[in-house]
Amino acid sequence: AGVWGTNVSWLADANDDVSSSLEVDFYAGYAKEFGDFGVDVGLLQYTYPGSYPHGFNNPNTLEGYVGVSWKFVSFKYSQSFTDLFGTEDSKGSQYLDLSVAYEVVDGLTLDAHYGRQRITGPAKSYADWKVGATYNFKGFDIGLHYVDTDLKDKDELDADARYILSISKSF
């Protein structure tokens, strides 16, 4: 169980009358390992506190997931129980996630991800991917990854390919 938060601009970018610039996610689940195999089930509630103009579809999203893993490979299936991030008529959308994280030397992990977002309703489905490495240094995870998608309107959606440098610490 946990809470995660960040600032966002995509809602205000979509409509000047939106006051939300915060995303707060609440999540809970259960994970269990059986030797080299693992299972993970849970719920995620994405919330965007703020005010929205009349007719703006609420972006808050409730999603459930089931995941399985074997050694360094994992697969997760997610499904939305509400409209997906404000996309009209998208309840029941699904996300498929295949990921690999392989430690090549102590503290250095090569990782890759391929995802497929299946959106119900009028919105277009798409694929995304990520490849890179993460290094654990004194309890901090430092990552460098290349991310991209097969969206056709990348420039319009600010979804062009990019490199991402990240530093994180889990408690």
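Is D36 buried, partly exposed or exposed? D36 counts as partly exposed, at 43% relative accessibility. On this scale buried means under 20% relative accessible area, exposed means over 50%, and partly exposed lies in between (1.4 Å probe, protein chains only).

The model is predicted: local features need pLDDT of at least 70, side-chain atom pairs count only at pLDDT 80 or more, and totals for chains, interfaces and linings use all residues. Residues are numbered from 1 along each chain as its sequence is written, and side-chain values use heavy atoms, with hydrogens and water left out.

Start with the strands. Strands (E, at least two residues) and helices (H or I, at least four) are DSSP runs, numbered from the N terminus. Two strands pair if DSSP finds at least two bridges between them. Strand β3 (residues 37-47) runs antiparallel to strand β4 (residues 61-70), with ten bridges. Across this pairing, V39 stands opposite V68 in β4. β4 also pairs with strand β5 (residues 73-80), again in the antiparallel sense, over eight bridges. There, V68 has F75 of β5 as its bridge partner. β4 and β5 form a hairpin with two residues between them. K71 sits in that turn and has a positive phi of about 50°.

A salt bridge here is a side-chain nitrogen of Lys or Arg within 4 Å of a carboxyl oxygen of Asp or Glu.

The structure holds three salt bridges. Another joins the side chains of R116 and D150, at 3.9 Å from N to O. R116 is in strand β7 (residues 108-118), and D150 is in the loop between β9 (140-149) and α2 (154-157), 34 residues away. R116 is partly exposed at 29%, and D150 is partly exposed at 33%. D160 and R162 also meet in a salt bridge, at 2.7 Å from N to O.

β3 and β4 each supply at least two residues of the patch. F34 lies in strand β2 (residues 22-34). F34 counts as exposed because its relative accessible area is 51%.
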